[in-house]
2 protein chains.
Amino acid sequence: MASTETAGHSEAGKLVDKAATPSDIRGPAERAASSRSFAAADVVLRFLLFASGVVAVVVMVTSKQTELIPIPIPPFLIPRPAKFNQSPAFIYFVAALSVAGLYGAITTLISLFALCKPASYPRLLSHFVIFDVLLFGIVAAATGTAGGVGYIGLKGNSHVQWRKICDIYGEFCRHIGASIAVSLFGSVVLALLVLLSIYSLSKRIPKHSY
Amino acid sequence: MASTETAGHSEAGKLVDKAATPSDIRGPAERAASSRSFAAADVVLRFLLFASGVVAVVVMVTSKQTELIPIPIPPFLIPRPAKFNQSPAFIYFVAALSVAGLYGAITTLISLFALCKPASYPRLLSHFVIFDVLLFGIVAAATGTAGGVGYIGLKGNSHVQWRKICDIYGEFCRHIGASIAVSLFGSVVLALLVLLSIYSLSKRIPKHSY
């Protein structure tokens with residue numbers, strides 16, 4: 001009982017046992033103002049998610065580049081295109097980021113509606129946060145997948161004789177790299193959305209509960 | 001005002017304006033029991049995270065396989081090993097899953113302590129959930145990265161002449177595949193941990209707040 005930590009826990013225990021008084025609970029005006037500021041941050045983050053989803057998909061889809069590749073027998077130059085849909089990893093990436101962009105667009109509109117009616121915000125939040133968590137996992141995995149394959153394209157792997165392709169398809173690789181960077185930004189936005197939801201929920205717990 | 005949805009929202013607004021009465025708030029005994037069941041689920045999930053982290057890392061690290069590969073000029077057979085550390089994607093995977101396993105071990109112990117003192121659980125929860133979200137992103141990205149590179153090893157990519165290696169290094173590929181599957185399970189456990197935290201937090205919000 002002499003240490004600070006133990007004293008803190010026993011105090012918390014006592015507080016839980018106390019009956020709640022109306023003065024512990026924050027007023028409706030303060031709660032509404034807090035809801036409004038959370039809803040505003042939510043709208044901005046969801047719009048950023050929509051924007052990053054659209055930008056990542058557009059940059060990835062427009063990455064096609066055709067180069068003349070020499071083949072040894074007979075000595076010809078043949079045009080060989082590099083497209084995102086030649087790799088399953090990039091197809092998954094486009095699918096995941098498309099879903100993220102669409103989800104961002106829909107939830108931005110719903111969050112804008114919640115901004116007009118702050119009382120409905122916590123109810124909306126509890127529905128969104130599950131999808132936010134799932135989509136965060138999907139977008140993070142898509143970023144990792146495209147990043148892993150893109151890195152082989154950039155550096156190659158001498159152990160298994162996978163040669164690098166970015167020395168030939170420079171423009172294609174710049175598109176892939178930019179798209180992965182934007183998708184990483186989208187992942188961070190989704191993480192912030194989940195953390196904002198958690199912070200907003202924890203703000204609504206009365207202090208006597210701790 | 002005639003639609004059900006509008007009526008529901010105006011009712012919610014009225015409820016927020018109402019002053020809270022002590023009968024709205026759940027009793028300390030009920031709250032403690034609820035905390036205890038959440039803490040028990042938390043301990044089980046965190047132990048599963050620890051186990052999946054350790055299994056994924058051990059299976060990945062022990063994947064070394066040496067095969068005799070024919071080289072054309074001069075016609076010799078030379079031993080060529082396949083190891084996880086020949087690919088940066090698998091090194092990142094091992095690093096991420098090691099961190100997840102270590103984090104799982106530490107937080108299992110702390111959660112066990114919280115199980116003995118349910119009053120301290122919500123306070124612990126609010127500290128863990130931020131790291132849970134960040135680690136979820138890291139583990140999901142690691143699973144995606146290793147999965148993307150592993151898929152090229154399994155199927156190859158004819159467009160860029162990256163040949164498949166799983167026809168030669170079968171044992172190595174089985175290890176990689178098993179490790180990725182366990183890591184996917186770890187990602188699901190982390191997602192459940194985040195959702196459990198959110199559900200636990202939302203349970204502590206008094207009903208009159210909605």
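B:Cys116 is exposed in this predicted model, with a relative accessible area of 62%, and A:Cys116, at 63% relative accessibility, likewise counts as exposed. Both values lie on the exposed side of the cut-off, because a residue is called exposed when its relative accessible area is over 50%.

Cysteines that take part in disulfides can be set beside these. A search of the whole structure, taken over all chains, finds two disulfides. In chain A, the bond is formed by A:Cys166 and A:Cys173, whose sulfur atoms are 1.9 Å apart, and in chain B a disulfide joins B:Cys166 to B:Cys173, with an S to S distance of 1.9 Å.

| Residue | Relative accessible area | Class |
|---|---|---|
| A:Cys166 | 16% | buried |
| A:Cys173 | 18% | buried |
| B:Cys166 | 14% | buried |
| B:Cys173 | 17% | buried |

The class given to A:Cys173, at 18% relative accessibility, rests on the cut-off for burial, because buried means under 20% relative accessible area. In chain A, A:Cys166 is buried at 16%, while A:Cys116 is exposed at 63%.

Aromatic contacts form a separate topic. Over all chains, a search of the whole structure finds six aromatic pairs. In one of them, the ring centres of A:Phe47 and A:Phe50 are 5.9 Å apart and the ring planes stand at 55°, so the pair is described as tilted. That label applies because planes under 30 degrees apart would count as stacked and those over 60 as edge-to-face, with the rest taken as tilted.

Both A:Phe47 and A:Phe50 belong to helix 2 of chain A, which comprises residues 28-61, and they are separated along it by three residues, about one turn of the helix. As for solvent accessibility, A:Phe47 is partly exposed with a relative accessible area of 45%, and A:Phe50, at 28% relative accessibility, also counts as partly exposed.

Definitions and conventions. Residues numbered from 1 in each chain as written. Chains lettered and ligands numbered in written order. Predicted model: local features only at pLDDT ≥ 70, side-chain atom pairs only at ≥ 80, totals over all residues. Heavy atoms only, no water. Phe/Tyr/Trp six-rings, centres within 6.5 Å; stacked < 30°, edge-to-face > 60°. Helix = DSSP H or I, 4+ residues; strand = E, 2+ residues; numbered from the N terminus. Buried < 20%, exposed > 50% of the residue type's maximum accessible area, 1.4 Å probe, protein only. Disulfide = S-S within 2.5 Å.
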